[in-house]
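Subject: Structure handover

Hi,

Here is the structure I promised to pass on to you.

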There are 4 protein chains.
Amino acid sequence: MASERREHLVRLAAELFAQKGFQATTVRNIADEAGILSGSLYHHFDSKESIVDEILSGFFDEIMASYRAAIDRGQGPRETIAALVRAAFDTLEPHRAAITVMQNDWSYLRGMERFAYLTKAEDEIEEMWAGTIRQGQRQGLFRADIDATLTYRMVRDTIWMAVRWYRPGSGLDPKTLAEHYLKVMFDGINIH
Amino acid sequence: MASERREHLVRLAAELFAQKGFQATTVRNIADEAGILSGSLYHHFDSKESIVDEILSGFFDEIMASYRAAIDRGQGPRETIAALVRAAFDTLEPHRAAITVMQNDWSYLRGMERFAYLTKAEDEIEEMWAGTIRQGQRQGLFRADIDATLTYRMVRDTIWMAVRWYRPGSGLDPKTLAEHYLKVMFDGINIH
Amino acid sequence: MASERREHLVRLAAELFAQKGFQATTVRNIADEAGILSGSLYHHFDSKESIVDEILSGFFDEIMASYRAAIDRGQGPRETIAALVRAAFDTLEPHRAAITVMQNDWSYLRGMERFAYLTKAEDEIEEMWAGTIRQGQRQGLFRADIDATLTYRMVRDTIWMAVRWYRPGSGLDPKTLAEHYLKVMFDGINIH
Amino acid sequence: MASERREHLVRLAAELFAQKGFQATTVRNIADEAGILSGSLYHHFDSKESIVDEILSGFFDEIMASYRAAIDRGQGPRETIAALVRAAFDTLEPHRAAITVMQNDWSYLRGMERFAYLTKAEDEIEEMWAGTIRQGQRQGLFRADIDATLTYRMVRDTIWMAVRWYRPGSGLDPKTLAEHYLKVMFDGINIH
DNA sequence: TATGAATGAGGTTTCATTCAT
DNA sequence: TATGAATGAAACCTCATTCAT
């Protein structure tokens, strides 16, 4: 089913989508990169959309699994939040292309029936994070005067947007980024 | 130069670009919205690009001016950062469409010679913010163990991405958002 | 009727048509050159075609008159041919733009009902020249083994095509060109 | 590279360009003639310009080769000039369409960066012809009181412009034309 | 699996022309 | 006479997709 050839093509496509955007990448671009003719791609996929679908669903499946594992570990809210942040940053390298597409072509994909599952997954994720934050508030660990959902969105956007400037092998690795973000998120930049 | 008719058309276009994305919005969409034929738009603009250019440069001019004013006020780093955050959030409503385009079509626009000025402006802005943070670190106001640039990017992404979910008239106004973000940014979510 | 303003506009248009070709010159180009808006041209002319018509008919009127005068002078064939050649070259400077348009846009204009008069004038002109050559042949002045019509066309094309490379003020003036062409035409390049 | 289908399309296009002019011929005209949709042409060519490029460069390659062969045969100037004239007339039938385009759309094509090679080729050709004429003058075969370059241009224009009126199968064939032109060129129309 | 040719819909842009002011 | 806005037709070109071979 998922032949090697096919997986290779998906990876090529993901790279192009990430570089130029989904809409701006033509089926011919992908075929050129693979050294075949554009029509030949249709032996592997039934549409351009189905390629991006494969890219995104692969990423979402993995991140959801990681998040669930972090939640299910049943640690305290502080540890759980840290685990979620770290899980997210851990995908930055292996799924860089998928995340880039998700961020850059979000407005296009959001409008499509086919990708409704993305919105659904996002809602579920939001509930995991915000729920954990609220739990921390109830337990007196986190300040009561912040909005859990708002705070989640702050963190989420800040993490995923990192793909727009993060370059592997530039001194900063995702683990370092995660710790930096946790520091600021938990304690702020002020010296008290 | 900027006739009323023209400004009206720019506003219509901005709204459509924000809703559907720059690429997915056709010149015909804009013309339809304006009740004219697509060719007639070319009486006012010489290309679709020049429309988005007008939208974005208008926004950038304003935000740069606000930022410079905040810096020039010569307050302490803490107050200056707060002023920058508030200045950014203050554009959220009047420039919602422009910000949305900037965020959503970033990957497309980035690749174009014509919009090189955006990158240049971003660099200048980064220097304003990061410089202020570093000043605060030197004055012993901000923690020395955070990275100024990284921190700026966190804040920047979190602010602009708000356009993807912020809806005017939903209880939350930009001022409230700004204060919330300042709280988290300065002091973190932990209770100490 | 032929106000100065109008004549000025015709001259501007002629220059542009000569430089870029009739089709490639837009009504806007002409208006820009005149410092008015394209729509305003329509107070002076009822179409782009009527402008080029004015340019070409002006030229044809003059060349026909010159040719007829040369013929009517009733000199011998040799002198008449020389007069025709000189008459043609004499238009090279004052009507350079018109001749250029006639040569360059010939294929386009030929196809238009409106410019049928050009073909008619050409036929009449061909008859003048070829008739004179034939007269010279009958009088034993010109060789009998050349084709009068063919010879006329040689000369005609050679004269008008000069506009493609002739530049006023480059040392060569039309009078010199005429004499050169007469030399070759009458006696050939061989030394006998 | 040059598939049969492609060559067929080029021939169709050349015919249309010759009939109506390059600018006046639409891509749809060509496609209609070929019985396909206009967009389908872009499977074979990347632009309308690239079609005319193929037409013209094919012609120029051949004429340059013929000219070089004539020069390289190393005969006397009189024979070489005759060979050049005959070589040119020999292209009149097989390359009628290309020559027509070259003549009629010269002013349009000249302005384009892409066709700069045409001007370059013309310069090289001018040097071949004018050089041969000058050689004949030095050897006392051709009159010293004529200008070599001017004479070349006379001949050149007269030859290529023949496509505007020459019709195959009208009694006159290119060989006859060549001999006629040689007669006039070498010895003039006078009887001495 | 791949090619080569084509489709069909639609995209941006151009441009001569019109007309109320 | 000129402006400013618009029309309407058509131009070149793009591109996801199909399909016989």
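**What I found**

Chain A and chain C make no contact with each other, and their closest C-alpha atoms lie 32 Å apart. Chain B and chain D do not touch either, with 20 Å between their nearest C-alpha atoms. Before you go further, keep in mind that this is a predicted model.

**Chain A by itself**

If you colour chain A by secondary structure, you'll find nine helices and zero strands. Reading from the N terminus, the order is simply α-α-α-α-α-α-α-α-α. The C-alpha trace of chain A spans about 60 × 35 × 30 Å along its principal axes.

There's also a record to look at: an unreviewed UniProt entry annotates residues 3-63 of chain A as "domain: HTH tetR-type". In the model, that stretch of chain A is 67% helix and 0% strand, and its end C-alpha atoms are 23 Å apart.

**Where chain A meets chain B**

Now for a pair that does touch. The contact involves 43 residues of chain A and 42 residues of chain B. Together they bury about 4,500 Å², with carbon and sulfur atoms giving 55% of that area. On the chain A side, the residues that lose the most area to chain B are A:R143, A:M154 and A:I189, which together make up 17% of what that side buries.

How many salt bridges are there between chain A and chain B? The count is two. One to click on is the salt bridge between the side chains of A:K183 and B:D145, at 3.7 Å from N to O. Between chain A and chain B there are also 25 residue pairs in polar contact, both residues at pLDDT 80 or more.

Which parts of chain A do the touching? α1 (4-20), α5 (96-104), α6 (106-110), α8 (148-160) and α9 (174-187) of chain A each supply at least two residues to the side that touches chain B. α9(A) gives the most, with eight residues. Sorted by class, this side of chain A has 18 nonpolar, 13 polar and 12 charged residues.

**Where chain D meets chain C**

Here 42 residues of chain D are in contact with 42 residues of chain C. The area buried between chain D and chain C is about 4,500 Å², and 55% of it is on carbon and sulfur atoms. D:R143, D:M154 and D:I189 supply 17% of the area that chain D buries against chain C, more than any other three residues.

Two salt bridges turn up across the interface of chain D and chain C. In one of them, D:D145 pairs with C:K183, with the closest N and O atoms 3.7 Å apart. For polar contacts between chain D and chain C, the count is 27 residue pairs, both residues at pLDDT 80 or more.

**The DNA**

Finally, zoom in on DNA strand E. By class, the surface near DNA strand E has eight nonpolar, 16 polar and five charged residues.

- A:S40 has a side-chain N or O atom 3.0 Å from a phosphate oxygen of DNA strand E.
- C:Y42 has a polar side-chain atom 2.7 Å from a phosphate oxygen of DNA strand E.
- A:H43 has a polar side-chain atom 2.5 Å from a base nitrogen of DNA strand E.

How values were computed:
Residues numbered from 1 in each chain as written. Chains lettered and ligands numbered in written order. Predicted model: local features only at pLDDT ≥ 70, side-chain atom pairs only at ≥ 80, totals over all residues. Heavy atoms only, no water. Contact = heavy atoms within 4.5 Å. Buried area = accessible area lost by both parts, 1.4 Å probe. Salt bridge = Lys/Arg side-chain N within 4 Å of Asp/Glu carboxyl O. Polar contact = N/O pair within 3.5 Å; in protein donor to acceptor, adjacent residues only side chain to side chain. Helix = DSSP H or I, 4+ residues; strand = E, 2+ residues; numbered from the N terminus. Nonpolar A, V, L, I, M, F, W, Y, C, P; charged D, E, K, R; others polar. UniProt positions renumbered as here; feature names shortened; annotations may be inferred.
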